[in-house]
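Student: I have a new structure to read. Please take me through its core and its pockets.

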Amino acid sequence: MGGELDGLEGVVAAETVLSEVDGAAGRLIIRGFTLDELSGRWTFEAVARLLWGGFFDGLPDDLRPAIGAAREEVFGEVRALDAALVARPPMEAMRALTARLSDGDDLATALRLTAAPAVFTAAVTRARASEAAVAPDAALGHAEDILRMTRGAPARRAEVAALDAYLVAVADHGLNASTFAARVVASTRAGLTSSVLAGLSALKGPLHGGAPGPVIEMLDAVGEPRNARVWLEAALDRGDRLMGFGHRVYRVRDPRADALRRAVKDLGEGSNRLPGRLALAEAVEAAALAVLAERKPERSLQTNVELYTGLLLEALAFPRDAFACVFAMARVAGWIAHAREQQAAGRLIRPQSRYVGPEPAEGRPAAA
Ligand code: ACO
């Protein structure tokens, strides 16, 4: 069904000043900066400020205190986290708490929405481990407070830097599925909370933000570097997709994969709870690229962002079923910027479908 229209591949559906994904060159530009210029150098708050510039009245030069205050503000919603929600997957529980925030288009709403995935994910993951939520500390940077709220103890400087590098690397990425969903909702003037909820819902799928958890399951299943090729071939024989590989736009290596591999290396093998993990991931990567090139020579399937995301978030001790929630902590900045840009464009997104169903039959008797 759908034929050549499946997936809207190659269709340009928006003009944006926010980011460009150059799939042939393997280059990501965020508002005039390459990812290399930003990753490992800028904080998440600075990149959010970069993305939001011109889209809000009264936008402060430094978003750090404002996002910190918003973390404290939304923490009150954690009281709604009941046993039924804790039993749901973290993304569903975090999304449900986010849905309690009121809709609006102003900066205050944007700040609350930016704080929400961080504060709610930390509370949800702690509740799942039967631990009480840790209140935010507005004086800290976003990455530092995320780790502190999640663990209940301060993180090392290298860990904070690694999380910041991740949040910056994935804050925005052209018209990906969740950003498109957020823009469609924004175009109806439903409000930023509604747009962010649409983004969260799209991000949760394993073909988009839900891949890094399965990446870690794959590494566990492979076990040792020498098993990689046999395991990967068996997975493809079963018709499975190899998580962490392939991309709709990139035909070369995803530049975010390099940024995150660097961040994993900087963090140091010693801080990884599972020694040898980086060597295993590199062996799986090399074997997967070789097998995919043999099996799909017509398609250039390369490493995407999710392989090293899985490794990094595992090293930072986030539970694997909450990896997509950590992705949302970053991408929410991009969704909000895109939603505001779409609102400014002012036009409802309403494409058409081509009907390929049966024609009404002549002289059909009326239904009883
Ligand atoms: N493993 C095995 N085969 C693959 C993979 C993969 N990872 N990716 C694509 N293919 C195959 C498809 O099965 C398809 O084969 P067919 O034509 O015989 O049916 C062909 O390659 C299609 O390739 P593309 O058109 O490049 O893939 P598409 O654009 O439809 O999908 C996607 C992109 C969803 C990311 C895909 O590569 C995939 O499922 N990857 C694994 C999941 C993953 O890592 N997701 C995270 C993506 S990054 C992000 O969203 C943040």
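Tutor: Start with the core. In the largest nonpolar core, which has 114 residues, Trp-52, Leu-163 and Tyr-166 touch the most other members. A nonpolar core is a set of buried Ala, Val, Leu, Ile, Met, Phe, Trp, Tyr and Cys residues joined through side-chain atoms within 4.5 Å. Helix 16 (residues 323-345) gives the largest share of this core, 14 residues. Helices are DSSP runs of H or I with at least four residues, strands are runs of E with at least two, and both are numbered from the N terminus. Each of domain 1 (36-206 + 323-345) and domain 2 (212-315) gives at least three residues to this core; the domain bounds come from an automatic or database domain assignment.

This is a predicted model, where local features need pLDDT of at least 70 and side-chain atom pairs count only at pLDDT 80 or more, while totals for chains, interfaces and linings use all residues. Residues are numbered from 1 along each chain as its sequence is written, and side-chain values use heavy atoms, with hydrogens and water left out.

Student: Which residues is Trp-52 in contact with, leaving aside its neighbours within four places in sequence?

Tutor: Contact means heavy atoms within 4.5 Å. With those neighbours left aside, the contacts of Trp-52 include Leu-107, Ala-110, Leu-111, Ala-333 and Ile-336.

Student: Is Arg-112 buried or exposed?

Tutor: Buried means under 20% relative accessible area, exposed over 50%, and partly exposed in between (1.4 Å probe, protein chains only). Arg-112 counts as buried because its relative accessibility is 17%. Arg-112 is part of helix 6 (residues 107-128).

Student: How is a pocket found?

Tutor: Rolling a probe the size of a water molecule over the atoms shows where empty space is left. On a 1 Å grid over the protein atoms alone, a pocket is an open set of points where a 1.4 Å probe fits, with protein on both sides within 12 Å along at least five of seven lines; lining residues have an atom within 4 Å of a point. Here the largest pocket holds about 1,800 Å³ of space, the volume being the space filled by probe spheres set on points joined across faces, edges and corners. Among its 47 lining residues, Asn-176, Ala-177, His-247, Arg-248 and Val-249 lie nearest the centre.

Student: Why does the largest pocket lie between domain 1 and domain 2?

Tutor: Both domains give residues to its lining, so the largest pocket lies between them.
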